[in-house]
Amino acid sequence: MILIIDKVYKKLLLSQIIAWTIVICTPFLFLNSFRVEIRQVLSIALLLYGFTFFHLEGSVKKFLFFAILASSSHFSSIFASLLILTIYLLIGRIKEKNMNIAIIMVMILYFFILIIPSTVFINIVSSFINAFSFISFVTKYSAYLESLEPLPIIKILIYTFMSILAALISIKVKDYSFKRLVLLFFLGNFVLIIFKDFAPMSRLFFYFSVLQLIIIPKIVKIVKPTTITVALIFLFYIIQFVYGLYYITPYGEYAFLPYKGLIMEVFK
C-alpha cells in the first residue's frame, strides 16, 4: 500500500514540476508578468482554474464564476470565456467513436487556413466588433486591426508542432477526455494563425495555449520511455525561456523584460 501511494505521489510531483516549468519558461506567462500584461496573466490563470472544474466535473457554474473573476482582471477574458465554453460544448457533442476523425479533419483544416492571409478574416472580425460598438471597451479592440504587426514565425512553428504532436498522440490512446482537451487546444491555435499578421489580436490565443499545462504532463504519462520524454520536454521549454529573455521587438525593445534594456544602458 505504501509503495502504491509513493508511486502515485511521484507521478503527481512530476506533473507539478512539468507544469511549473511550463509556467516559468513559456514567455507569455511568467516573463510577461514583468510587463503591463500582468493583468492578462492573472486573467489567464483564473480562467484556467475555472476550466479545470468544467473539464473534470462538468460544472458550468464554477466555470462562469471564475470567468467573471478573470474578466474583472482583463476584458479579453470575456471573449475567451465565450469561445472556450462554446467550442468545448460543441466538441462534447462529437461521439467517442468519431473523435479521431474529427481530430484528423481539424488538422487538415488547420493547414488550409494557415496559408490564407489574415486580412481575409479581418473584415469578418471588424463587422463583429462594430456590431457591439455600443459597449465602450469593445471599440478599443478595433484599433488592433488597423495596422499590420506579424507574429514571429518561430511562435507559429512552435504551436503548430505542439498541436500536431498532441493530436497524433491523442489519436493513439483511448481517452475521450484527453482527446476532447487536445481538440480544444488545437482549435484554439486557429486564433493564432487567423491573426498571425495582427499580433495584438492574437493574444486571445493565450487562453487556449495555457492548456498545455494540462496536456503536456498527460503526454509524459503516455509516451515511453518517460525519462527521454521528460528530458526532451524540459529542453523544449528551456529553449523557449532563453528565447523569451533575449527576444527583441522590431522597435528595438526587449519584449518580455523591458527593464533589461534600461539596466544595459546604465552599465554601458
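Buried means under 20% relative accessible area, exposed means over 50%, and partly exposed lies in between, computed with a 1.4 Å probe on protein chains only. With those words in hand, here are some close-up views to explore.

This is a predicted model, in which local features need pLDDT of at least 70 and side-chain atom pairs count only at pLDDT 80 or more, while totals for chains, interfaces and linings use all residues. Residues are numbered from 1 along each chain as its sequence is written, and side-chain values use heavy atoms, with hydrogens and water left out.

**View 1. The chain has 13 helices and zero strands.** Helices (H or I, at least four residues) and strands (E, at least two) are DSSP runs, numbered from the N terminus. Reading along the sequence gives the pattern α-α-α-α-α-α-α-α-α-α-α-α-α. Of the chain's 268 residues, 46% count as buried. Take the contacts (heavy atoms within 4.5 Å) between residues at least 6 apart in sequence: 73% of them join residues at least 24 apart.

**View 2. Helices α2 and α3 pack against each other.** Two packed helices are described by the angle between their axes and the distance between the axes. Here α2 (residues 38–57) and α3 (residues 60–73) have axes that come within 8 Å and cross at roughly 175°. The axes are lines fitted to C-alpha atoms, for helices over the stretch in contact, with angles from 0 to 180 degrees between N-to-C directions. That crossing makes α2 roughly antiparallel to α3; angles under 35 degrees count as roughly parallel, over 145 as roughly antiparallel, 65 to 115 as roughly perpendicular and the rest as oblique. Residues in the contact include Leu46, Phe51 and Phe54 of α2 and Phe63, Phe66 and Ala70 of α3. By type, the contact residues of α2 with α3 divide into 13 nonpolar, four polar and three charged. In this count Ala, Val, Leu, Ile, Met, Phe, Trp, Tyr, Cys and Pro are nonpolar, Asp, Glu, Lys and Arg are charged, and the others, Gly among them, are polar.

View 3. Tyr49 is found in helix α2 and is partly exposed, at 46% relative accessibility. Its C-alpha atom is separated by 8.2 Å from that of Phe63, 14 residues apart along the chain. Ser73 lies in helix α3 and counts as buried, at 12% relative accessibility. Not counting residues up to four places away in sequence, Ser73 touches Arg39, Leu42 and Ser43.

**View 4. Phe51 is among the residues with the most contacts inside the largest nonpolar core.** A nonpolar core is a set of buried Ala, Val, Leu, Ile, Met, Phe, Trp, Tyr and Cys residues joined through side-chain atoms within 4.5 Å. The largest one has 71 residues, and Leu184 and Ile215 join Phe51 as those with the most contacts inside it. Helix α9 gives this core its largest share, 12 residues. Leaving aside neighbours within four places in sequence, Phe51 is in contact with Phe63, Ile84, Tyr88, Leu181, Leu184 and Leu211.

**View 5. The structure holds two salt bridges.** A salt bridge is a side-chain nitrogen of Lys or Arg within 4 Å of a carboxyl oxygen of Asp or Glu. In one, Lys62 pairs with Glu57, with the closest N and O atoms 3.2 Å apart. Lys62 is partly exposed, at 36% relative accessibility. In the other, the side chains of Asp175 and Lys218 meet at 3.1 Å, N to O. Asp175 lies in the loop between α8 (153–172) and α9 (176–194) and Lys218 in helix α11, so this pair ties together parts that are 43 residues apart in sequence. Asp175 is partly exposed, with a relative accessible area of 21%, and Lys218 is partly exposed too, at 29%.

**View 6. Helices α11 and α12 pack together, with a cis peptide bond joining Lys224 and Pro225.** The axes of α11 (residues 212–222) and α12 (residues 226–246) come within 9 Å and cross at roughly 150°. These two helices are therefore roughly antiparallel to each other. Gln212, Ile216 and Val220 of α11 make the contact with Thr226, Thr229, Val230, Ile233 and Tyr237 of α12. These residues divide into five nonpolar, three polar and no charged. Pro225 lies in the loop between α11 and α12, and omega of the cis bond is about -5°.
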